[in-house]
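Subject: Structure handover

Hello,

Here is the structure I promised to pass on. Please open it first, then read my notes below.

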Amino acid sequence: MPNPESDIHPVDTVKELSEEERRAEALKTLGLGSFEEEMRGARIEEVNDCQAVAVLGGGIACRELFKEKRKTEQKQSFAEYKLTWPSYNKKEVDPKGFITGAKARLTAAKHLNQFLSNKPYFVPASGQMAPDGDKSHAKVGAGYLEKVSPKIEKNQIILEEYSDDTVSNFIEIIMIAWKKGWNKIAILSNDYHLPRAKGFAKCLQDESFMDLFLKYKKDEIYDRLSKAIARMNDNKYSIDGFFKFAASLKFIFVDAEDILRQKDSLHYTALFDKVRQSPAFQARIASDKKGYDDFKAGNYGKAQWLKLHQGTLIN
């Protein structure tokens with residue numbers, strides 16, 4: 001006689017993953033490793049078929065004599081700028097721009113152009129204003145690329161002047177690529193900046209990761225996206241279209257340090273060793289490592305978000 005109980009199959013219960021567990025799974029999907037692992041960039045050969053090289057924004061400041069040279073109206077020269085700022089303790093100065101990044105990245109871009117058989121576009125990225133207030137960082141960078149040997153031709157340079165941080169760098173770079181129809185872009189920055197840059201790019205290529213890693217930046221990202229799309233003044237551009245295009249775009253990440261070492265190993269290796277021993281550079285590394293750790297933990301931008309919403313949360 002059949003046993004009714006034997007015909008009853010247990011119902012499989014699927015345990016719902018916690019947010020932390022979902023982030024851990026997502027990190028595997030994204031292929032993101034430790035800070036040290038993600039500092040490594042691609043080989044220069046991988047850049048050869050890229051249509052463009054985007055140089056992520058870094059800090060700049062003016063030379064002490066800059067204002068004196070500007071007493072009379074005269075044509076601005078990029079030589080009047082110094083691509084750095086006093087470091088964290090206000091006593092050390094990073095004359096080669098390895099702490100704040102800008103000069104190292106732009107110098108590497110010029111040498112990268114010499115290494116490449118194709119001649120891609122170069123996109124200096126950042127709409128932040130130079131210290132005198134009348135030039136964007138992107139324009140200052142373009143001046144350096146065009147005027148200081150080895151030069152990059154003016155017709156190879158496309159300015160990106162709307163961003164003011166790494167996330168918005170990527171939003172605007174993707175918008176330019178979308179408009180131009182590019183499908184492969186090199187991203188050039190300092191090695192310590194690449195881990196965060198890789199993480200941000202992957203979230204903009206797959207909207208589903210936004211809540212896990214950039215939930216505190218999400219409103220800002222969509223606001224910036226809306227403004228970027230509105231500037232296009234064309235109905236074919238939309239937020240959904242942005243994410244669809246971004247997903248099809250291939251990024252190749254290259255670090256400025258590797259390019260500069262390949263250009264002059266003896267000189268730049270000695271220079272890097274000296275700079276990296278400084279307290280200012282150690283602070284820079286610690287700051288970027290914390291930023292990457294915050295990203296992986298889903299806390300990136302949390303302090304700023306809490307400050308912005310403090311009154312709302314109390315009420």
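Where is the place of Asn233? Asn233 sits in the loop between helix 9 and helix 10 (239-248). Helices (H or I, at least four residues) and strands (E, at least two) are DSSP runs, numbered from the N terminus.

Some ground rules. This is a predicted model: local features need pLDDT of at least 70, side-chain atom pairs count only at pLDDT 80 or more, and totals for chains, interfaces and linings use all residues. Residues are numbered from 1 along each chain as its sequence is written, and side-chain values use heavy atoms, with hydrogens and water left out.

**Overall**

The protein has 15 helices and 6 strands. Of its 315 residues, 49% are buried. Buried means under 20% relative accessible area, exposed means over 50%, and partly exposed is in between (1.4 Å probe, protein chains only). Now look at contacts (heavy atoms within 4.5 Å). Take those between residues at least 6 apart in sequence: 76% join residues at least 24 apart.

Two strands pair if DSSP finds at least two bridges between them.

Strand 1 (residues 52-55) pairs with strand 4 over 4 bridges, in the parallel sense. Find Ala54: its bridge partner in strand 4 is Val123.

Asn233 is not a glycine, yet its phi is positive, at about 50°. Asn233 counts as exposed because its relative accessible area is 71%.

Ser126 is also a residue other than glycine with a positive phi, near 155°. Ser126 is in the loop between strand 4 and helix 5 (137-147). Is Ser126 buried or exposed? Its relative accessible area is 3%, so Ser126 is buried.

**Leu204**

Leu204 lies in helix 7 (residues 194-205). Leu204 counts as buried because its relative accessibility is 1%. Not counting residues up to four places away in sequence, Leu204 touches several residues, including Val167, Phe170, Ile221 and Phe242. Lys244 is 40 residues from Leu204 along the chain, and their C-alpha atoms are separated by 9.8 Å.

**The second largest pocket**

This pocket has a volume of about 300 Å³. The search uses a 1 Å grid over the protein atoms alone; a pocket is an open set of points where a 1.4 Å probe fits, with protein on both sides within 12 Å along at least five of seven lines, and lining residues have an atom within 4 Å of a point. Grid points are joined across faces, edges and corners, and a volume is the space filled by probe spheres set on the points.

13 residues line the second largest pocket, and the closest to its centre are Tyr162, Ile176, Lys179, Arg231 and Met232. Helix 6 (166-180) and helix 9 (218-232) are the elements that give two or more residues to this lining. Helix 6 gives the most, with 5 residues.

Best wishes
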